[in-house]
Amino acid sequence: MLQDKRMVMSANDDRVKKIMRDIKSIKIQGARKVAVAGARILVLVAQGSRAGSSGAFVSELRNVSREVVGLRPTEPALRFGQELIVSRVASRKGMPVGELRKYAVSVCRNYISETKKMLDKIAQYGARLISDGDVVMTHCHSHCAVEILRFAKRQGKDFSVIVTETRPLFQGKITARELLAEKIPVVYCVDSASASLMKDATKVLVGADAVTAGGDVVNKIGTYQIAIEASEYKVPFIVACGTHKYDPMTALGFPEPIEERARREVAGVRELTGAKVVNPAFDVTPKEYIYEIVTEIGVFSPETLVGVLVSRGRKEGT
Ligand code: RUB
C-alpha cells in the first residue's frame with residue numbers, strides 16, 4: 001500500500017505531468033520528439049523515485065510507461081522506446097535499487113542519443129535523393145523530412161518546398177518556419193491546394209508514425225490524399241522514418257490504432273450541433289503509392305524494408 005502511494009507521488013511529479021500534457025496536446029509533436037519526451041519522463045521518474053526495492057522501482061517505471069504509451073496511441077516509436085527501456089531495466093532487477101535507478105537513467109540517455117544518430121543517418125541517406133531544381137512537397141512536420149531537407153541544403157543543393165498547413169493543428173507552420181530558417185524557399189498552402197500544386201512538384205517527402213507489416217505507412221491525416229495526387233501526376237512519393245516505427249503487431253493481425261482526437265480541435269462546442277464531427281489524427285497510405293522509404297539502414301521499397309526488418313528480427317530472436 002505504502003509502495004503504491006510512493007508510485008503515485010512519483011508519477012505526479014510536476015515536470016512529468018507537464019511533459020505528459022504537452023505530448024497529449026501535441027505541443028510536443030512528431031514521432032521522434034514524442035519518443036524522446038517519453039524517455040525523458042522515465043529519466044525524471046528514475047531520478048525522483050522513492051521505491052524501497054528494485055522490484056518496486058521496476059513496477060513504478062512500468063506503470064508510468066503504460067500511461068505514457070496511452071498518450072498517443074498511433075506511435076510505435078514511443079511504444080518501442082518505452083518497452084526497450086523498461087525491459088532493459090527489468091533485466092537488471094537483481095541490482096540494488098540505488099544503482100538500478102542510475103542504470104535506468106543511463107539506458108534512457110543512451111536511447112535518446114541513439115535516436116539522434118538514427119536521425120542523422122536518415123538525413124544522409126535522404127539528402128542523396130534531393131537534386132538541384134527539385135520542388136518537394138511535404139505535409140505536417142516531420143523531423144526526418146526536415147532533417148533531410150536541411151542536410152541537402154547544407155550540401156549546397158538548390159530546391160524549394162511546398163508545405164501544406166496541416167489542419168487542424170497547423171504543424172505545417174513549424175515545418176515552414178524551420179525551412180525558412182535554413183533559407184530554403186517555401187510555398188505555404190492550405191491542405192486542399194495540394195492537388196492543384198502537385199503539377200509543380202518533382203517529389204513528395206513525408207515522415208511517418210508507423211510502418212505496417214504490409215508495407216503501408218501511417219502518417220498525419222491528409223497524407224493519403226497527397227499520395228493519390230502524387231500518383232496521378234507520377235511524382236515519386238518518398239517516406240522518411242526510423243525502423244523503430246515498424247509495428248510488428250500488425251503482422252499478427254492487430255491493425256495500427258488510429259488516434260481519434262477531440263471534436264473541439266475541428267469545430268467549436270456550440271457549432272454544428274447534431275453533426276457527428278470526426279477528427280482522426282492519422283491515415284494509412286497503401287504501399288502501392290510509396291516509391292521509397294528512407295531509414296537509418298538505407299533506402300528501400302516498402303516490401304523490401306519489411307522483408308529486411310522481419311529477417312533481422314528473426315536473427316535477433318535466435
Ligand atoms: C506528426 C506526423 C509526422 C510524423 C513524423 O503528427 O504525422 O509526420 O510524426 O515523425 P503529430 P518524425 O503532429 O500529430 O505528432 O518527427 O519522427 O519524422
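A residue counts as buried when its relative accessible area is under 20%. By that cut-off, strand β7 (residues 237-240) is covered on both faces in this predicted model. The model also holds four cavities of 30 Å³ or more, and the largest cavity has about 180 Å³ of space.

**Strand β7 and its neighbours**

- Strand β4 (residues 203-206) runs parallel to β7 and is joined to it by three bridges.
- Within this pairing, valine 206 has valine 239 of β7 as its bridge partner.
- Strand β9 (residues 292-295) also pairs with β7 in the parallel sense, over three bridges.
- Here isoleucine 238 stands opposite glutamate 292 of β9.

**The largest cavity**

- The lining of the largest cavity consists of 21 residues.
- Gln29, Gly30, Ala31, His141 and Asp209 are the lining residues that lie nearest the centre of this cavity.
- Sorted by class, the lining has nine polar, six nonpolar and six charged residues.
- At least two lining residues come from each of α3 (31-48), α7 (143-154) and β6 (217-220).
- Domain 1 (2-116) and domain 2 (128-316) each contribute at least three residues to the lining.

Methods
Residues numbered from 1 in each chain as written. Predicted model: local features only at pLDDT ≥ 70, side-chain atom pairs only at ≥ 80, totals over all residues. Heavy atoms only, no water. 1 Å grid on protein atoms, 1.4 Å probe; cavity = no way out; pocket = protein on both sides within 12 Å on 5 of 7 lines; lining within 4 Å. Points joined across faces, edges and corners; volume = space filled by probe spheres on them. Helix = DSSP H or I, 4+ residues; strand = E, 2+ residues; numbered from the N terminus. Nonpolar A, V, L, I, M, F, W, Y, C, P; charged D, E, K, R; others polar. Domains from an automatic or database assignment. Buried < 20%, exposed > 50% of the residue type's maximum accessible area, 1.4 Å probe, protein only. Pairing = 2+ DSSP bridges.
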